[in-house]
Amino acid sequence: MSPDDPLKAYREKRDFERTPEPSGGEVRRRPGPAFVIQKHRASTLHYDFRIEVDGVLKSWAVPKGPSTNPRDKRLAIPTEDHPLDYADFEGTIPEGEYGGGTVMVWDIGSYRNLKTEDGREVPMAETIARGHVTVALEGSKLKGGYALIRTGKSDNARWLLVKMDDEAAEPGLDVVAALPHSALTGRGLDEIASGDSG
Ligand code: MN
């Protein structure tokens with residue numbers, strides 16, 4: 001493991017003898033960079049928004065989950081990079097382990113980087129470093145443009161996840177309430193927690 005291994009923080013937080021989460025060994029390729037939103041019932045319910053950038057899933061915890069209303073600004077707290085094969089992890093992390101609770105793949109798909117400058121795409125890593133990310137999501141639930149914007153200047157700055165005002169915007173829809181089940185298996189959190197394979 002190199003000292004600048006981007007998954008060092010991820011691995012240090014977990015005991016892979018105890019959690020069913022992937023340790024980041026294998027990489028499954030998909031067409032286009034992956035995006036996933038995992039509904040995670042841990043000490044509190046939240047949604048983990050992850051996008052594939054340079055071989056890892058850059059991650060933010062979104063307490064209220066995404067919105068399809070461009071007027072909503074959803075707090076998004078950066079968390080450690082996750083391995084690519086985490087994208088289709090759905091299951092139960094034992095109590096007492098890091099993130100102990102139930103994980104659902106709430107939405108999954110690919111995304112496109114929308115940030116261009118002088119007609120050229122700005123690399124995703126640079127858009128994150130600048131604190132202004134714009135992507136078009138192609139998920140089974142979420143579609144179209146989303147922006148992730150850092151507010152403030154410190155390393156502990158807050159980010160906001162905002163739906164861009166495009167044809168996929170649906171201001172009247174409470175998307176996390178309307179579509180509560182897994183995009184992969186159709187299961188609810190309780191079915192995943194009880195180990196029901198659906
Ligand atoms: Mn989480």
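This is a predicted model: local features need pLDDT of at least 70, side-chain atom pairs count only at pLDDT 80 or more; totals for chains, interfaces and linings use all residues.
Trainee: What should I know about the numbering and the model before the values?

Mentor: Residues are numbered from 1 along each chain as its sequence is written.

Trainee: Why is V103 called buried?

Mentor: Buried means under 20% relative accessible area, exposed means over 50%, and partly exposed is in between, with a 1.4 Å probe and protein chains only. V103 has a relative accessible area of 1%, so the residue is buried. V103 lies in strand β6 (residues 101–113), where a strand is a DSSP run of E with at least two residues, numbered from the N terminus.

Trainee: What is V103 in contact with, leaving aside its neighbours within four places in sequence?

Mentor: Contact means heavy atoms within 4.5 Å. On that basis the partners of V103 include Q38, K39, H40, F89 and I192. Q38 is 65 residues away along the chain, yet the C-alpha atoms of V103 and Q38 are separated by 6.3 Å.

Trainee: How do you know that H40, H46 and D48 coordinate the manganese ion?

Mentor: Donors are N, O and S atoms within 2.8 Å of the metal (3.2 Å for Na, K and Ca); water is not among the atoms, so sites may look incomplete. H40 (ND1), H46 (NE2) and D48 (OD) are at 2.1 to 2.3 Å, so these atoms meet the 2.8 Å limit. Along the chain the donors follow the spacing H-x5-H-x1-D. Both H40 and D48 are buried.

Trainee: What makes the largest pocket a pocket, and which residues lie nearest its centre?

Mentor: On a 1 Å grid over the protein atoms alone, a pocket is an open set of points with protein on both sides within 12 Å along at least five of seven lines, whereas in a cavity a 1.4 Å probe fits but cannot get out; lining residues have an atom within 4 Å of a point. H40, H46, D48, Y98 and G99 lie nearest the centre, out of 18 lining residues. The space in the largest pocket is about 270 Å³, a volume being the space filled by probe spheres set on points joined across faces, edges and corners.

Trainee: Why are β1 and β2 said to pair?

Mentor: Two strands pair if DSSP finds at least two bridges between them. Seven bridges join strand β1 (residues 34–41) to β2, so the two pair, and they run antiparallel. K39 has Y47 in β2 as its bridge partner, and a hairpin of three residues joins β1 to β2. β2 also pairs with strand β3 (residues 56–62), antiparallel over seven bridges; there F49 is the bridge partner of W60. In the turn between β2 and β3, D54 has a positive phi of about 50°.

Trainee: What makes the largest nonpolar core a core, and which residues have the most contacts inside it?

Mentor: A nonpolar core is a set of buried Ala, Val, Leu, Ile, Met, Phe, Trp, Tyr and Cys residues joined through side-chain atoms within 4.5 Å. The largest has 26 residues, and F49 and I51 have the most contacts inside it. Strand β2 (residues 45–53) gives the largest share, four residues, and eight of the nine residues of β2 are buried.

Conventions:
Side-chain values use heavy atoms; hydrogens and water are left out.
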